[in-house]
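Student: I would like to learn how to read a model of this kind, feature by feature. Could we go through it together, with the general idea before each case?

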Amino acid sequence: MDPITLILDYLLTVEAFLLIFIIFVLKGSIKFVPQNRAWIIERFGKYQSTKEAGLNFIVPFIDQVSADRSLKEQAVDVPSQSAITRDNISLIVDGVLYFRVLDPYKATYGVDDYIFAVTQLAQTTMRSELGKMELDKTFEERDMLNTNIVSAINAASDPWGIQVLRYEIKDIVPPNSVMEAMEAQMKAERVKRAQILESEGDRQAAINVAEGKKQAQVLAAEAEKAEQILKAEGEAKAIIAVAEAQADALRKVGEAANTEEGQKAIQLDLASKAIVAKEAIARESSVVLLPESCTDPSSLVAQGMSIINSLNKKQKEQL
């Protein structure tokens with residue numbers, strides 16, 4: 001075989017090998033890190049760098065990815081555990097822990113298994129916080145309990161590069177005896193509230209009845225008062241009308257008395273009334289004593305005229 005051909009074949013083989021080697025090296029040196037993830041790179045077993053999302057380069061055969069850490073928020077179920085409250089009641093409590101990795105370096109080298117570590121820390125912190133509270137408070141102040149647990153875990157997990165976002169208690173299960181006592185207490189409380197509401201209703205009904213009677217009496221009194229006022233006003237108007245009529249009659253009599261014909265009419269009327277009065281006296285008694293001049297009509301008329309003149313004079317003085 002021709003030596004030149006052999007050399008050419010050898011060179012082609014070497015070039016192909018070099019090409020394959022270069023491709024393999026490039027493939028090993030180029031790394032695409034996904035979004036919200038971080039890769040820990042070690043060189044000769046020692047931490048070298050942290051590669052974040054995007055295109056990254058490493059030295060093949062020397063650098064290697066030792067850890068792949070997710071930067072997303074993670075939810076970890078905290079297993080059920082027993083805890084004792086301040087008033088010595090044993091409870092079964094479980095929850096959910098939400099956290100994320102802030103520092104991939106600390107999460108890799110600060111703790112062996114950060115998920116296991118933060119879960120155990122959540123359990124111990126939960127038991128500690130429940131031990132500070134009474135049974136009734138654990139149900140009423142669950143939000144405060146969750147906040148205290150998150151604060152305590154964050155203070156302890158800072159060297160691990162972990163941030164706890166929130167902790168939610170899923171369920172709190174007290175013993176059966178406590179449940180029965182709580183149900184009896186709730187039943188008694190409901191009965192108490194029902195009795196209070198019933199008594200409040202009776203009291204309000206009595207108040208309403210009393211208020212109704214009071215208002216009825218007030219209205220009756222006001223109606224009677226209005227009736228009396230109207231009656232008095234009516235009587236006053238009647239008296240005024242009678243007085244005005246009498247005054248009008250007297251005024252007309254006075255106007256008529258100022259004339260000659262009126263004087264004669266008055267004299268005739270007075271004489272007639274005197275005669276009628278004497279006849280009445282005579283009917284009442286068998287003995288009648290009369291003055292000498294009393295039978296004289298002119299004397300009677302003169303006496304009447306004297307009285308009328310006296311009345312007219314008084315009326316003029318008043319005016």
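Student: Which residues form a nonpolar patch on the surface, and how much accessible area do they have together?

Tutor: Keep in mind that this is a predicted model. The nonpolar patch on the surface is made of Phe-17, Leu-18, Phe-21, Ile-22, Phe-24, Leu-26, Phe-44, Val-59, Phe-61 and Ile-62, and together they have about 1100 Å² of accessible area.

Student: How should I read strand pairing, and with which strands does β2 pair?

Tutor: In general, the strands of a sheet pair through backbone hydrogen bonds, and the pairing is either parallel or antiparallel. In this model, strand β2 (residues 37–43) pairs with β5 (residues 63–70) in the antiparallel sense over seven bridges, with Asp-63 of β5 as the bridge partner of Arg-43. Five bridges join β2 to β3 (residues 46–51), again in antiparallel fashion, and there Thr-50 of β3 is the bridge partner of Ile-40. β2 and β3 form a hairpin with two residues between them, and Phe-44 in the turn has a positive phi of about 55°.

Student: Why is β2 described as largely enclosed by the rest of the structure?

Tutor: The description follows from burial: five of the seven residues of β2 are buried, so this strand is largely enclosed by the rest of the structure.

Student: In what order do the strands of the open three-stranded sheet run, and which are its edge strands?

Tutor: The three strands of this open sheet come in the order β6-β7-β8, with antiparallel pairing. Its edge strands, each pairing on one side only, are β6 (74–84) and β8 (162–173). Neighbouring strands of the sheet are turned by 25° against each other on average, with direction ignored. Strand β7 (residues 90–101) pairs with β8 over 10 bridges, and Val-164 in β8 is the bridge partner of Phe-99.

Student: Which helices pack on that sheet?

Tutor: Helix α3 packs on the sheet, touching β6, β7 and β8, and its direction makes about 35° with that of β6. Helix α5 (residues 142–157) also packs on the sheet, where it touches β7 and β8, and its direction makes about 140° with that of β8.

Key: Residues numbered from 1 in each chain as written. Predicted model: local features only at pLDDT ≥ 70, side-chain atom pairs only at ≥ 80, totals over all residues. Heavy atoms only, no water. Patch = residues over 30% accessible without salt bridge, like charges linked within 9 Å, V, L, I, M, F, W, Y side chains within 5 Å. Areas by Shrake-Rupley, 256 points an atom, 1.4 Å probe, with all protein chains shown as cover. Salt bridge = Lys/Arg side-chain N within 4 Å of Asp/Glu carboxyl O. Buried < 20%, exposed > 50% of the residue type's maximum accessible area, 1.4 Å probe, protein only. Helix = DSSP H or I, 4+ residues; strand = E, 2+ residues; numbered from the N terminus. Pairing = 2+ DSSP bridges. Axes fitted to C-alpha atoms, helices over the stretch in contact; angles between N-to-C directions. Contact = heavy atoms within 4.5 Å.
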